[in-house]
Amino acid sequence: MSNESDTRTEADVLVVGSGVAGCATALSAAREGADVLVVTKATRPEQTTSHWAQGGVATARSDPEAFEQDVLAASADTADPEAVEVLVEESREAVEDVLVETLDVPFDRDGSEFDFGREAAHSEPRILHVDASTGKHVLGPFLNRLAAHENVTIREDTAALDLITHEGRVHGAVVDRAADGASEDSGPEPVFAGATVLATGGIGALYRNSTNPETATGDGIAMAALAGADVADVAYVQFHPTAFSGEDPFLVSEAVRGEGALLRNGDGERFMPDYHEDAELAPRDVVARAVADERERTGEVRLDVSPLDFAEEFPDLAEKCEVRGVDWTDGIPVEPSEHFLCGGISVDDRGRTDLDRLFAVGECARTGVHGANRLASTSLLEGLVWGLRAGESAAGFDPEPVEAPELRDSDPDLPSGFAREKFVRLRRVMDEQVGIRRTPEGLRRATAVLRRLKGEVDAYTRTRTSRSLYELRNASVVALLVARSALDAEPVGCHALEDDERDAEESGEVPANASD
């Protein structure tokens, strides 16, 4: 990597994002001898989605075929079998190479052997975990390893604003240097790269309640879509069934149900056997909708952890309950919360998009592994496997500087609360119309509102440049993509359409075709 006298920055591989997928890409490319620059909005690991991952990392054990079948079944048979085969076949080698041998992640053990856990829709215990805080135990060592690597530079607190494209090829990205400790008047900086890899995470910030950090504004998906890359399956937004319902929410890992915890409604009744033969271990979309239904019918849902030694088996979660004044012996109040985007930027089995030299990995990418619903504890694994593959393929290209897009900043600054107020409006629409419950009419209304919102934001981004404004632009682009996709997508998995009559009843309106 070189910094020339005109402050132009070049790298063999530019990675946008510092979660597990981005780190795996950087490590793999550096192993190939490439000079790698990682730019990330995060200033702390907990500002990345990977840090928040609780359950663990699924891996093939004695029966890889059973693992494949579990992934396909959880997706309602909508996942790409070839992509699933890649995930499963490379899971063990990727985990052993990177997580065990390179990073020495302290996975929980039962004596000298790994203590594999079981989660919903898995037919056997195959989840490597560190208590219920696996993500932070993986990501911290990963970032430290990269920071010490001679071929890798990490630039924190730096946002990618736009991709640099020319004749169907991506040549890097324009990044925000002002937040990187540069002078206030330095302005956006073009970074030219032989290959660019988007690893920007999901879209949790588009919803009021999410298990993801506020930095998850869909940046990579929006930038890729605006550059002309194909985006697919974004209708399939997965909601986790058991997020703590209260102030300062947190995810209550699926592993807790895997160890025997039960869901009870406001009447104290266990209800999941009435919804699915696998009860609490049914696929996430089934459990999430059941929890939503029972909360509406009886007022609340609690996770009964009395069948297990909760404090002993999940000390991190027990501590979170205690900090919030929750007596978990009475059950933990839970509700569904946005968790994972199953679709994203369309990529092949090496993470390549349909734009030359642009790659995408992790939650922002649509590999085909998840289809309409993701199997528990496969997100970190997917990021690891596709990151290693993408990094290897991305290495070997030389930067080719071209004319970068001019991001104007000629008009006065917007009011400090402008982006925040628009986000409130966006989240309200997404929660009410594009959340766990959707109707055709609701999606049409959401599309109309989001189209207008995007138009308003576009008018400002033509003459103003700031991170918060571009995050709002990205969020509005992706929100509109999700709503539009949901109108046309097959109603399966985590995208379940209800009829318009229910939507009308909840809004107090009478359907146009209602009988007299």
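Which residue forms a salt bridge with Arg-350, and how far apart are the closest N and O atoms? I looked this up first. Arg-350 pairs with Glu-392, and the closest N and O atoms are 2.6 Å apart. I use salt bridge for a side-chain nitrogen of Lys or Arg within 4 Å of a carboxyl oxygen of Asp or Glu.

Ground rules next. I am working on a predicted model, where local features need pLDDT of at least 70, side-chain atom pairs count only at pLDDT 80 or more, and totals for chains, interfaces and linings use all residues. Residues are numbered from 1 along each chain as its sequence is written, and side-chain values use heavy atoms, with hydrogens and water left out.

**Arg-350 and Glu-392**

I placed both partners. Arg-350 sits in the loop between strand 17 (344-346) and strand 18 (358-360), and Glu-392 is in helix 10, so the pair links distant parts of the chain, 42 residues apart. Helices (H or I, at least four residues) and strands (E, at least two) are DSSP runs, numbered from the N terminus. Arg-350 counts as buried because its relative accessibility is 17%. Glu-392, at 40%, counts as partly exposed. The cut-offs: buried is under 20% relative accessible area, exposed is over 50%, and partly exposed is in between (1.4 Å probe, protein chains only).

**Other salt bridges**

I found 36 salt bridges in the structure. One of them joins the side chains of Asp-219 and Lys-41 at 2.7 Å, N to O. Asp-219 lies in helix 5 (residues 219-227) and Lys-41 in the loop between strand 3 (36-39) and strand 4 (57-58), so this pair ties together parts 178 residues apart in sequence. Both Asp-219 and Lys-41 are buried.

I then checked Glu-254 and Arg-257. Their closest N and O atoms are 3.2 Å apart, in a salt bridge. Both lie in helix 6 (residues 254-258), 3 residues apart, about one turn of the helix.

**Gly-368**

I located Gly-368 in the loop between strand 19 (365-366) and helix 10 (379-394). Gly-368 is buried, with a relative accessible area of 4%. Leaving out residues up to four places away in sequence, Gly-368 touches Ala-79, Asp-80 and Ala-83; contact means heavy atoms within 4.5 Å. I also checked Gly-331, 37 residues from Gly-368 along the chain: the two C-alpha atoms are separated by 37 Å.

**Glu-313**

Last entry. I found Glu-313 in helix 8 (residues 310-313). Glu-313 counts as partly exposed, at 32% relative accessibility.
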